[in-house]
Amino acid sequence: MASAKKAFISGAIRREYEKKMKACPVATQDVHVNLENRNHAIKEYGYGPLNPNEQNRKFWGKKADMWDVSPAEAKKSRCGNCAAFIQTPQMLQCIENGMEAGDEPHESNAKDVIEASNLGYCEFFHFKCAGDRTCDAWIVGGPVK
Ligand code: SF4
């Protein structure tokens, strides 16, 4: 009787967990999908730079030319203030859950990684992006919190 009750409870927990995971975008739960979509954004939409802490003169120069602004102006347009950048509590939870479930090698400190990278989810290209990066499709009005 006790084992039937235990199986019922663990089944209910598992179903609840699966329901929760289903509500999350695939890329937040599957690193391969995430990288595929991110690489597409890099190749087709100039997502970057690789290390936003560097000067990246060439990268920002290209963005400045495209947007017809100065490099200093271009640097103000980043994922962190893009309208496609989703940082709702539910989305951040999805990202954290995905990492903790083994989505990425940093599972033990998912929250720290999310905070350090200012991670969010790109609604346009469907991948986890870092707040300090940008892409050609940047749009004013974000983030969505
Ligand atoms: S669309 Fe916005 S959030 Fe997505 S990669 Fe480009 S700048 Fe970042």
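Predicted model: local features only at pLDDT ≥ 70, side-chain atom pairs only at ≥ 80, totals over all residues.

Student: How many helices and strands does the chain have?

Tutor: Seven helices and three strands. Starting at the N terminus, the order is α-α-α-α-α-β-α-α-β-β.

Student: And what share of the residues is buried?

Tutor: The chain has 145 residues, and 26% of them are buried.

Student: Let's zoom in on helix 3. Which of its residues are buried?

Tutor: Asn 34, Asn 37, Arg 38 and Ala 41. They sit on the same side of helix 3, because the arc they cover around the axis is only 100°.

Student: Why would that spacing put them together?

Tutor: An α-helix has 3.6 residues a turn, so residues three or four places apart point the same way.

Student: Which residues are exposed on the other side?

Tutor: On that side of helix 3 you find His 32, Asn 39, Lys 43 and Glu 44.

Student: What covers the buried ones?

Tutor: The cover over the buried residues of helix 3 includes helix 2, residues 26-29, and strand 3.

Student: What follows helix 3?

Tutor: Gly 46, with a positive phi near 60°.

Student: Switching topic. Where is Glu 123?

Tutor: In the loop between strand 2 (119-122) and strand 3 (127-130). Glu 123 counts as partly exposed, because it has 15 C-beta neighbours inside 10 Å.

Student: What is Glu 123 in contact with, leaving aside neighbours within four places in sequence?

Tutor: Ala 84 and Ile 86. Glu 123 is also 9.5 Å from Pro 25, C-alpha to C-alpha, although 98 residues separate the two in sequence.

Student: Last one, the ligand. Which residues come nearest?

Tutor: There are 14 residues around the ligand, and Cys 79, Cys 82, Phe 85, Cys 122 and Cys 135 come nearest.

Student: How does that shell divide into nonpolar, polar and charged?

Tutor: 13 nonpolar, one polar and no charged residues.

Technical notes. Residues numbered from 1 in each chain as written. Helix = DSSP H or I, 4+ residues; strand = E, 2+ residues; numbered from the N terminus. Buried ≥ 20, exposed ≤ 12 C-beta atoms within 10 Å, placed from the backbone. Contact = placed C-beta atoms within 7 Å. Arc of directions from axis to C-beta. Near = placed C-beta within 6 Å. Nonpolar A, V, L, I, M, F, W, Y, C, P; charged D, E, K, R; others polar.
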